[in-house]
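Keep the structure open beside the text as you read.

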Amino acid sequence: MADDRDDDRPPFPEPRYDVGPLSKATSRRNFIKGVIASGAAVSSVGYLFTAGCSRSTGSVGGVERMLVLNVNGQMRPVDVLPQETLAMTLRYRLGLTGTKLGCDRGECGACTVLVDDVASYSCSTLTHAVRNRAITTIEGLEGPNGELHVVQQAMIDELGPQCGFCTPGQIMSAVALLKVNPKPTRDEARHAMSGNLCRCGAYDHYLNAVMRAADAGDRLSETRAPV
Amino acid sequence: MSRDMMGAFELYQPDTVDGAVALLEKFGKDGWALAGGNDSLDWFKDRVKRPKYVVDLAGISTLKGIRESADGGVEIGALTTLTEIERSELIKGRYTVLATAAARVASPQIRNTGTIGGNVCQDARCWYYRYGVDCYRAGGNRCYADTPEGQNREHCLYGADRCVAVSPSDTAPALVVLDAKMLVVGPKGQREVPAEQFFIGPNVDITRMTVLEDGEVLTAIHLPMDWSGARFYFEKVADRNTWDFPLVNIAAAMFVTGDKIDRIRIAAGAVQCVPRRLTAVEAVVTGQPKNAETAGLAGQSAVRGATPLNFNHFKIPLLQNLVTRAIRDA
């Protein structure tokens with residue numbers, strides 16, 4: 001969903017951007033993501049973080065820069081500046097560029113991720129503040145065999161996105177809602193999605209998708225119940 | 001220059017209040033207490049505030065949670081999120097006005113991480129001040145909002161003193177009507193400040209909005225029994241339903257016997273630098289029947305003495321109508 005698929009990559013599942021070299025990646029985009037993920041030097045990281053990098057935080061009591069972050073069920077060791085936001089860490093340290101930065105001020109919702117299953121703006125969260133929490137990004141929604149999450153599928157079926165930039169954030173908000181309220185009314189869904197702007201104005205399509213996902217999730221749990 | 005990358009600072013994550021206070025005392029003017037980060041990080045990204053040391057309070061478990069206190073009231077840890085307050089059965093049942101107010105703050109994601117302490121301690125939202133100009137509040141010697149061209153639609157009706165910024169909080173008026181006590185811990189020990197006195201105007205200190213001194217931390221908010229289970233009213237009017245700060249908000253708590261208003265507290269936000277307790281309204285309606293006539297009189301008495309700026313005259317009828325509705329519909 002988060003990708004503009006303008007090349008000849010195979011259909012979903014996409015290769016996962018795990019730690020380690022990427023074997024299957026063919027596109028330039030995935031190659032770069034792979035390089036970031038494997039921790040090798042890449043210029044985009046350099047230019048973004050030179051400003052604060054020279055400063056050491058060695059004083060007693062200050063946070064250690066090296067930490068292990070629980071992202072999408074994986075423990076990812078990563079070097080994080082004290083002033084680094086979660087959005088920056090996810091995008092530029094871990095290569096999880098599905099999380100978008102819109103305003104970087106907590107005013108648009110494009111950067112929404114789940115922190116312990118609660119929707120949060122990753123642009124307004126310090127990475128060090130979520131050290132011991134479970135973070136889920138849009139990349140973490142796919143099933144073990146790369147199948148789409150029920151909300152992602154509903155977004156496609158309802159033609160939810162137009163330009164797609166706000167979509168990862170919209171989906172994360174919807175997922176957070178359905179975790180605590182699997183059968184929301186349309187008004188409840190509208191309320192839960194109100195922290196995500198869409199400048200294409202596709203709000204009603206997104207709402208349709210959330211309601212469809214709630215229905216689909218319902219059927220899913222019914223069929224799974226006897227197991 | 002990028003206005004999105006924060007300047008470097010050292011981050012400290014103490015796990016006790018004493019530890020946090022000791023750090024903040026040591027760092028003095030170079031220190032910054034961080035709660036949810038929704039206000040703080042904006043300041044840092046804009047490079048308007050550049051603390052050298054940031055003390056993250058989120059790791060202090062004693063600052064979190066909602067519990068019943070010994071006197072039968074409720075104590076809310078300052079780092080309790082607005083979502084937790086909005087959903088708390090205890091708050092919804094006894095102090096509905098606070099749950100309603102918390103639910104109207106900003107957006108769902110901000111309420112998920114934003115704390116009650118951060119909401120009441122957030123800095124002024126005047127856009128000139130936020131832009132980083134050298135206004136009075138920033139230590140300069142002029143106000144950019146109160147000029148013939150200044151855009152002051154969101155600014156104050158009362159209590160202007162060089163600065164015309166308003167209290168931006170939705171929960172603050174609710175805490176004032178509940179007569180909440182703010183527990184503050186600092187280098188000199190602990191003190192308890194009534195919510196009404198917690199907020200200060202530019203006439204007291206133009207560079208801050210609360211009584212918190214350097215090194216002091218708001219640790220908890222205590223809601224006394226007095227207003228538990230009263231009849232409540234909260235309404236916020238803003239340009240947008242999500243995110244936006246109030247143009248005016250109103251909170252009221254009252255006890256009514258038969259049709260007579262026995263006791264009442266009522267306060268409005270975004271009309272003054274502090275949440276404005278409307279004592280004139282309280283005097284007018286106490287002992288009066290709760291009906292349309294009383295409500296109308298209350299509305300009129302609420303706006304006496306308002307001195308609008310160039311672009312915020314609309315706040316006068318807005319405040320008047322909100323007070324009328326609060327008395328009529330509570």
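In α13(B), the buried residues are B:K315, B:L318, B:L319, B:L322, B:V323, B:T324, B:A326 and B:I327. Here a residue counts as buried if 20 or more other C-beta atoms lie within 10 Å of its own, as exposed if 12 or fewer do, and as partly exposed in between, with C-beta atoms placed from the backbone. The cover over these buried residues includes β9 (231-237), β10 (248-257), β11 (260-269), α11 (279-285) and α12 (292-302) of chain B.

A word on conventions: this is a predicted model, in which local features need pLDDT of at least 70, side-chain atom pairs count only at pLDDT 80 or more, and totals for chains, interfaces and linings use all residues. Residues are numbered from 1 along each chain as its sequence is written, while chains are lettered from A and ligands numbered from 1 in the order in which they are written. Helices (H or I, at least four residues) and strands (E, at least two) are DSSP runs, numbered from the N terminus.

How does the length of α13(B) work out? The 15 residues of this helix (residues 315-329) should span 21 Å at 1.5 Å a residue, and the end C-alpha atoms are 20 Å apart, which agrees. The expected span is 1.5 Å times one less than the number of residues.

α12(B) and α13(B) pack with their axes 8 Å apart, at an angle of about 145 degrees. Axes are lines fitted to C-alpha atoms, for helices over the stretch in contact, and angles run from 0 to 180 degrees between N-to-C directions. Among the residues making the contact are B:A295, B:A298 and B:G299 of α12(B) and B:V323, B:T324 and B:I327 of α13(B). Two residues are in contact if their C-beta atoms, placed from the backbone, lie within 7 Å.

Now to the strands. β11(B) is mostly covered, with seven of its ten residues buried. The table sets out how β11(B) pairs; two strands pair if DSSP finds at least two bridges between them.

| Strand pair | Sense and bridges | Residues between strands |
|---|---|---|
| β10(B) and β11(B) | antiparallel, nine bridges | two residues |
| β11(B) and β12(B) | antiparallel, two bridges | six residues |

Both turns carry a residue with positive phi: B:G258 at about 60 degrees in the hairpin of β10(B) and β11(B), and B:A270 near 65 degrees in the hairpin of β11(B) and β12(B). Within the pairings, B:F255 has B:R263 in β11(B) as its bridge partner, and B:A268 stands opposite B:R276 in β12(B).

Elsewhere in chain B, an open sheet of three strands runs in the order β1-β3-β2, with parallel pairing. β1 and β2 (31-34) are the edge strands, each pairing on one side only. Three bridges join β1(B) to β3 (residues 53-56), and B:L11 has B:V54 as its bridge partner.

Is B:L178 buried or exposed? B:L178 is buried, with 28 other C-beta atoms within 10 Å. B:L178 sits in the loop between α9 (171-177) and β6 (181-186), and its contacts beyond four places in sequence include B:Y95, B:W227 and B:A253.

Finally, 26 residues of chain B are in contact with 29 residues of chain A. On the chain B side, α6(B) gives the largest share, five residues.
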